[in-house]
Amino acid sequence: LNQFAIVESTLREGEQFVGANFSSDDKLEIARALDEFGVEYLELTSAAASPKSKRDCQRIAGLGLNTKVLTHIRCHQEDAKIALDAGVDGINLVIGTSYFLREYSHGKDIDTIIELASEVLTFIREQAPEVELRFSTEDSFRSTYEDLSRVYLALDKLGVVDRFGIADTVGVSTPNRVYDLVRMVRAQTDAYIEFHGHNDTGCAIANCYAALDAGATHIDTTVLGIGERNGIAPLAGFIARMYAEDKELIKQKYNLPALAPVHEIVSQKVGLPIPVNHYIVGDCAFNHKAGIHTKAMLNNANAYEIIDPTDFGLNRNIQITHKLTGWHAIANRVSQLGLDLSISKIKTLTKQIKEMADQKDLTLNEVDDLLWAAAQAPNSV
Ligand code: HCA
Ligand code: CU
């Protein structure tokens, strides 16, 4: 896979999530935490959206973060002026190209879209030669190849666009279709390619991966995947995917122990507990339960894990208080407790624990008590 950068959109797409209403200080805290993790870009709500949005853009752009700060605007000259005033490193423009958005959102045909986009893009470039300029076709996957290719070819010719964005706005695409479209755009332009994928049908992370595979360079994420409807590709899930692909690269690019803290912050701000099964940062992401698994895990952690929790400052958890437990896991607990019990005694205790767990939910304390009692019994060994 080629080099890639994360465009972290919790402060733009994420603001469109049902539970999100970030204060200025919330945004600052989230921006700092994402910067600490090391994302390459932060995308912020359009400075033109409201006076506070503009002030927040200016404030975050003025923090001197390592990450580049972008604002996301419609294809409007007015929005562009306000964005330029916000002091950001880059501007992400978007306009819908599908039948649905042309017909029911902005009402413009493809020629008008090209004209308008050319005007706004050229204007920004004249005003700010250094600003990173990205142009994206909203709802790319319900737009026709013909329309898209007309738009990209015409805008590429202007020589002012740094990056084209492809957006799966309604989460309808599949990895193969993303791959094909990114290839098509790559064949037609020299610009970098960004992919933005919604998760309505659960393909968001796989679609990001397919985009990179086809030559995309920039990937949009949000913390916990928050966004319009059920959101976009989640940051931790995308990191998990890329870590599985090239662990050393990911360890070098990002400050992995800073991943969980930014999730805690966002989770608290939007009032959404981190799902226990969320990628990497969910409570059970490194939980091992069945005896067959725990035995192998105790021999070698690679047996049932492709992600090492310790790289993220997290721990794995070997669960023993259930009917699927095995004697290797119980033996491991016995030695953690510093007790001395024979293997045959441990096997008997394991049977007993399984029977008890069939009757009721067991706690670790109850299991520990049983192990202690066994170790203290006169003929325990
Ligand atoms: C939006 C739409 C958008 C834009 C994505 C992009 C989408 O809410 O403005 O700029 O690439 O999903 O199409 O988020
Ligand atoms: Cu979106």
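Figure 1. V7 has D220 as its bridge partner in strand 8. E8 is bridged to T221 in strand 8 and to L42 in strand 2. Strand 1 (residues 5–8) and strand 8 (residues 218–221) run parallel and are joined by four bridges. Two bridges pair strand 1 with strand 2 (residues 41–44), also in the parallel sense. Strands are DSSP runs of E with at least two residues, helices are DSSP runs of H or I with at least four, and both are numbered from the N terminus. Two strands count as paired if DSSP finds at least two bridges between them. Because this is a predicted model, local features need pLDDT of at least 70 and side-chain atom pairs count only at pLDDT 80 or more, while totals for chains, interfaces and linings use all residues. Residues are numbered from 1 along each chain as its sequence is written, and chains are lettered from A and ligands numbered from 1 in the order in which they are written.

Figure 2. Eight strands close into a barrel with parallel pairing, in the order 1-2-3-4-5-6-7-8. From one strand to the next, the twist averages 25°. Helix 4 (residues 99–106) packs on the sheet and touches strand 4 (90–96) and strand 5 (132–138). The direction of helix 4 makes about 95° with that of strand 4. Axes are lines fitted to C-alpha atoms, for helices over the stretch in contact, and angles run from 0 to 180 degrees between N-to-C directions. Residues are in contact if their C-beta atoms, placed from the backbone, lie within 7 Å.

**Figure 3. Helix 1 against helix 2.** The axes of helix 1 (residues 24–37) and helix 2 (residues 51–61) come within 10 Å and cross at roughly 35°. The crossing is right-handed; this term applies if the near helix is turned clockwise from the far one by less than a right angle, and left-handed if anticlockwise. On the helix 1 side the contact involves S24, K27, L28 and A31, which meet K52, R55, D56, R59 and I60 of helix 2. By class, three residues of this contact are nonpolar, one is polar and five are charged. Nonpolar covers Ala, Val, Leu, Ile, Met, Phe, Trp, Tyr, Cys and Pro; charged covers Asp, Glu, Lys and Arg; the others, Gly among them, are polar.

Figure 4. Eight of the ten residues of helix 8 (residues 204–213) are buried, so the helix is largely enclosed by the rest of the structure. These buried residues are A204, I205, N207, C208, Y209, A210, A211 and L212. Buried means 20 or more other C-beta atoms within 10 Å of the residue's own, exposed means 12 or fewer, and partly exposed lies in between, with C-beta atoms placed from the backbone. The cover includes strand 6 (163–168), helix 7 (175–188), strand 7 (192–197), strand 8 and helix 9 (235–245). After helix 8 comes G215, with a positive phi near 115°.

Figure 5. G291, T294 and M297 are the buried residues of helix 12 (residues 291–299). Seen down the helix axis, they fall within an arc of 130°, so they line one face of helix 12. The arc is that of the directions from the helix axis to the C-beta atoms. Strand 9 (287–288), strand 10 (317–318) and helix 13 (327–336) are included in what covers them. In helix 13, W327, H328, A329, I330, R333 and V334 are buried. They pack against helix 12, strand 10, helix 14 (343–359) and helix 15 (364–376). Just after helix 13, G338 has a positive phi of about 75°.

**Figure 6. Helix 14 against helix 15.** The two helices pack at an angle of about 145°, with their axes 11 Å apart. Helix 14 passes helix 15 in a right-handed crossing. K345, L349 and I353 of helix 14 meet V367, L370, L371 and A374 of helix 15. The contact has six nonpolar residues, no polar residue and one charged residue.

**Figure 7. The loop around G282.** G282 lies in the loop between helix 11 (259–270) and strand 9. G282 is partly exposed, with 16 other C-beta atoms within 10 Å. Leaving aside residues up to four places away in sequence, G282 touches I274, P275, V276 and N277.

Conventions. Contact = placed C-beta atoms within 7 Å.
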